[in-house]
Amino acid sequence: MHLPISSRLLACAALVAPGDRIADIGCDHGYLSIYLLQKGIACSAIAADINEGPLQSARRNGEKYGVAHKMSFHLSDGVCNVPRDFDTLICAGMGADTMISILSNAPWLQNQQYRLILQCQSKTPSLRQYLSQQGWQIVREAILRDGRFLYTIMEVLWQPDAPRLTPQQWYFPPVLLNNPKPELEEYHQRLVNRLRISVTGHAEQADSAEVEALKYLESIVF
């Protein structure tokens, strides 16, 4: 039976380590957890959502695809009401503000026993800023295409002694260059174009942080 899973979720699945116990926060239809269990990558899955409708959909799909016995289902705002016995937390399809709220409300995640896989939909520089300033390190990040949109996906570890990203690197962290793909150059150029429009549009009142970020981005050579 074919599982209609998106390229975004497949990219998240590719970062999960064999044998992981995962917590899929904002699970929606549950396809990510189901895929990881079907493929024998994850050994168990916590499926959590803030809304009852998606959670019931995930439960039905878990039963439909024969993996519900390896899943637990939790109505939860972020991780407030989920068990803590997992290895990898996955948040996919959320904006930075939502992810920051989830992490801010769960300081117990600041522990080296947990790993984060975050697929951010919007305001990604704000998410990188938060992670770095709080002591999280982005150890892997890649650009993925889903339709006409480009998104980021990152693997994050709690490493409070790691060097912090600079404000310029919030826009384009060096770790991105470890995974060169055609989408990476396009992502970079889109950032440059957006910042140029913003900086030139405001002329003398241009945001100094954006000016410095633009200079940094323009200095990157592929």
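## Exercises on packing and aromatic pairs

In α4, the buried residues are A96, M99, I100, I102 and L103, where buried means under 20% relative accessible area with a 1.4 Å probe, protein chains only. The model is predicted, with local features needing pLDDT of at least 70 and side-chain atom pairs pLDDT 80 or more, while totals for chains, interfaces and linings use all residues. Residues are numbered from 1 along each chain, and side-chain values use heavy atoms, without hydrogens and water.

**Exercise 1.** Work out which elements the buried residues of α4 pack against.

**Exercise 2.** Classify the ring pair F86 and Y114.

*Solution.* Recall the rule: rings of Phe, Tyr and Trp (its six-membered ring) pair if their centres lie within 6.5 Å, with planes under 30 degrees apart stacked, over 60 edge-to-face and the rest tilted. Here the centres are 4.9 Å apart and the planes at 40°, so the pair is tilted. Now place the residues: F86 is in the loop between β3 (71-75) and β4 (88-94), and Y114 in the loop between α4 (96-104) and β5 (115-120). Both F86 and Y114 are buried.

**Exercise 3.** Classify the ring pair W136 and W158.

*Solution.* With centres 5.3 Å apart and planes at 70°, the pair is edge-to-face. W136 is buried at 5% relative accessibility, and W158 is buried at 14%.

Definitions and conventions:
Helix = DSSP H or I, 4+ residues; strand = E, 2+ residues; numbered from the N terminus. Buried < 20%, exposed > 50% of the residue type's maximum accessible area, 1.4 Å probe, protein only. Contact = heavy atoms within 4.5 Å.
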